[in-house]
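Student: I have a new model open and want to talk through its fold. Can we go over it piece by piece?

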Amino acid sequence: MSIIPFAIAWFLADNPGKVKLGTNNGELITPPLTTEASDFTGYDSFSADNIKELQGHWILINVLSQAECQQACQEGLYKTQQITLMMGKDIARIRRLALISNQAEQPLPKQWQEDARLLKALPSATLKATLQKVAAGEQPGGLLIMDPLGNLMMQYDPGYDPYKVRNDLSKLLRISQIG
């Protein structure tokens with residue numbers, strides 16, 4: 001009977017991937033990838049005027065890497081809209097950003113072009129290179145979370161559960177002393 005704990009410890013030492021540590025639902029980006037304010041350029045006049053809103057806020061980033069916003073992309077935008085609405089009193093601490101990779105074409109459908117709470121930006125060349133290191137930066141419908149200091153610190157694959165993102169974001173906002 002006393003050998004059972006040792007056998008479990010031995011198994012876990014040999015297979016550390018079998019145990020999920022932490023309470024986060026998304027994947028932490030370790031080490032966090034840093035960005036600068038100059039990495040984001042407003043896509044349209046509204047976003048160019050309000051791009052300074054990103055500083056000092058938690059940002060939900062939808063990366064639009066394709067020329068056209070397909071179903072997964074639109075679901076991702078809708079989910080981030082719903083997440084911000086679910087945040088209640090913390091809604092003022094969060095911003096949404098659609099990062100449009102291709103400047104020549106407008107990938108967003110009309111309903112998202114007119115969304116006043118969605119900022120649209122073009123990434124710089126250094127930010128595009130940074131996004132290549134992150135899986136969610138290449139997949140349509142994925143989500144990135146950026147902290148108020150400009151660090152990309154969490155990612156979610158396409159098809160993520162918005163309630164799990166809300167739970168993670170609530171924990172981050174509760175313990176955050178900034179933003």
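Student: In which sense do β3 and β6 pair, and over how many bridges?
Tutor: They pair in the antiparallel sense, over three bridges. Two strands pair if DSSP finds at least two bridges between them. Ile61 has Leu144 as its bridge partner in β6. One caution: this is a predicted model, where local features need pLDDT of at least 70, side-chain atom pairs count only at pLDDT 80 or more, and totals for chains, interfaces and linings use all residues. Residues are numbered from 1 along each chain as its sequence is written, and side-chain values use heavy atoms, with hydrogens and water left out.

Student: How are the elements named?
Tutor: Helices (H or I, at least four residues) and strands (E, at least two) are DSSP runs, numbered from the N terminus.

Student: What about β3 and β4, how do they run?
Tutor: β3 and β4 run parallel, joined by seven bridges. Leu60 stands opposite Arg96 of β4.

Student: How many residues of β3 are buried?
Tutor: Seven of its seven residues are buried. Buried means under 20% relative accessible area, exposed over 50%, partly exposed in between (1.4 Å probe, protein chains only).

Student: Which residues sit on each side of β3?
Tutor: Trp58, Leu60, Asn62 and Leu64 are on one side, and Ile59, Ile61 and Val63 on the other. Both faces are covered. In a regular strand the side chains alternate between the two faces of the sheet.

Student: What does Ile61 touch?
Tutor: Beyond neighbours within four places in sequence, Ile61 is in contact (heavy atoms within 4.5 Å) with Leu97, Leu99, Gly142, Leu143, Leu144, Met146 and Leu152.

Student: Which residues have the most contacts inside the largest nonpolar core?
Tutor: Phe40, Ile61, Leu97, Leu99, Leu144 and Leu152, in a core of 18 residues. β3 gives the most to this core, with three residues. Apart from it lies another core of 15 residues, including Trp58, Leu60, Ile83 and Val165. A nonpolar core is a set of buried Ala, Val, Leu, Ile, Met, Phe, Trp, Tyr and Cys residues joined through side-chain atoms within 4.5 Å.

Student: Switching to helices. Which residues of α3 are buried?
Tutor: Cys73, Gly76, Leu77, Lys79, Thr80, Ile83 and Thr84. Seen down the axis, the buried residues of α3 fall within an arc of 160 degrees, so they line one face of the helix. That arc is taken from the directions from the helix axis to the C-beta atoms. On the other side, Gln71 and Leu85 are exposed.

Student: And what covers the buried residues of α3?
Tutor: The cover includes β3, β4, α4, β5, β6 and α6.

Student: How far apart are the end C-alpha atoms of α3?
Tutor: They are 22 Å apart, which agrees with the 22 Å that its 16 residues should span at 1.5 Å a residue. The expected span is 1.5 Å times one less than the number of residues. Just after α3, Gly88 takes a positive phi of about 60 degrees.

Student: How many residues of α1 are buried?
Tutor: Zero of its 12 residues, so α1 is hardly covered.

Student: Where is the cis peptide bond?
Tutor: From Thr30 to Pro31, with omega near -10 degrees. Pro31 lies in strand β1.

Student: Last one: how are Tyr156 and Tyr160 arranged?
Tutor: They form a tilted aromatic pair, 6.0 Å centre to centre, with 50 degrees between the planes. Rings of Phe, Tyr and Trp (its six-membered ring) pair if their centres lie within 6.5 Å; planes under 30 degrees apart count as stacked, over 60 as edge-to-face and the rest as tilted. Tyr156 counts as buried at 5% relative accessibility, and Tyr160 is buried at 7%.
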